[in-house]
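This report describes selected salt bridges and a set of paired strands. The sequence and structure are shown here.

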Amino acid sequence: MTASPTLGSIQIPQMGFGTWNLGGQAAAIQHALQVGYRHLDTADIYGTHDDIAAALRNSGIPREKLFLVTKLWSHSLAPDKVGPAVERFLRELNTDYIDLLLIHWPSRSVAAEDTLSAMQDVQETGAVRALGVSNFDKPLMERGLEAGYPLTNNQIEYNLNHRSDETLAYCLENAVTVTAYSPLERGSRSQEAAVAAIAEQHGATREQVLLAWLMAKEMVVIPRSGKPAHIEANWASLDIALSEADIQGIDAAA
Ligand code: NAP
């Protein structure tokens, strides 16, 4: 595992737990917390704020040990909507602060700068620790950073079959952490052969190798699972040390 990525002075656990489609499955979220996950990824649109609150309450884990990420959906991007949305998120999550607040998708009707200014105002109240975006490509990231917004994270799709390398490189060069979403999306058959060989060498599963590959490329990962055995196996990928040859082998697989 590489060193834990940081958002300025704030550490973001490199292995997080995705909660899309886990509405009503607080037990799965709670299992992830028991296994060791301390970073939970959610969004207004996932409808899992309440499930996360329930899992946190049952886990007994102190709030300061957790890293909560949530995202503003399109209906909350207008500057006057941001503050009220965050207040609602805090109630739903039953917390005093959000560790990382993201714009879920770039908007055609609201300039990112306007939303980001409102997010900064909320950050100043202490309700949010760090700001970021999701699904922003390189030109959009350039625009935000050049305008001086403190973007610390970009959550983008990155997996075996979908590699946003230009955006990844730009973000890392500019000290913006990258979270790979949908990290386990199934790859093509030829890619699978390359991954299977490396997985066998490490006595690991393809999913564990894929997560280790993304983390070796300095990304944060947020796999989702509703199954205890998968939740545990994904966590165990933190112990897999891929060689440079392994990483290049997966990089080259197409
Ligand atoms: P994912 O994590 O890539 O894959 C989830 C699928 O993989 C599930 O069907 C799960 O099934 C299966 N799985 C998980 N672990 C496995 C294992 N060890 N072995 C075999 N199968 C396994 O998919 P995702 O939910 O799309 O992405 C992860 C998270 O990223 C989301 O939950 C969400 O938090 C975030 N996300 C963000 C955006 C955005 O726009 N910012 C978009 C999409 C997703 P089981 O339940 O059966 O294990």
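Arginine 88 and aspartate 44 join their side chains in a salt bridge, 2.8 Å from N to O; the term denotes a side-chain nitrogen of Lys or Arg within 4 Å of a carboxyl oxygen of Asp or Glu. This pair links distant parts of the chain, 44 residues apart: arginine 88 belongs to helix H3 (residues 79–93), aspartate 44 to the loop between strand S4 (39–41) and helix H2 (49–59). Helices (H or I, at least four residues) and strands (E, at least two) are DSSP runs, numbered from the N terminus.

The model is predicted: local features need pLDDT of at least 70, side-chain atom pairs count only at pLDDT 80 or more, and totals for chains, interfaces and linings use all residues. Residues are numbered from 1 along each chain as its sequence is written, and side-chain values use heavy atoms, with hydrogens and water left out.

The whole structure holds 11 salt bridges, including these:

| Pair | N to O distance |
|---|---|
| Arginine 88, aspartate 44 | 2.8 Å |
| Arginine 63, aspartate 99 | 2.8 Å |
| Lysine 138, glutamate 142 | 3.9 Å |

Aspartate 99 is buried at 0% relative accessibility; buried means under 20% relative accessible area, exposed over 50%, partly exposed in between (1.4 Å probe, protein chains only). Arginine 63 is also buried, at 17%.

Strand S7 (residues 128–134) has 6 of its 7 residues buried. Strand S6 (residues 98–103) runs parallel to S7, joined by 5 bridges; strands pair if DSSP finds at least two bridges between them. Leucine 101 is opposite leucine 131 in S7.
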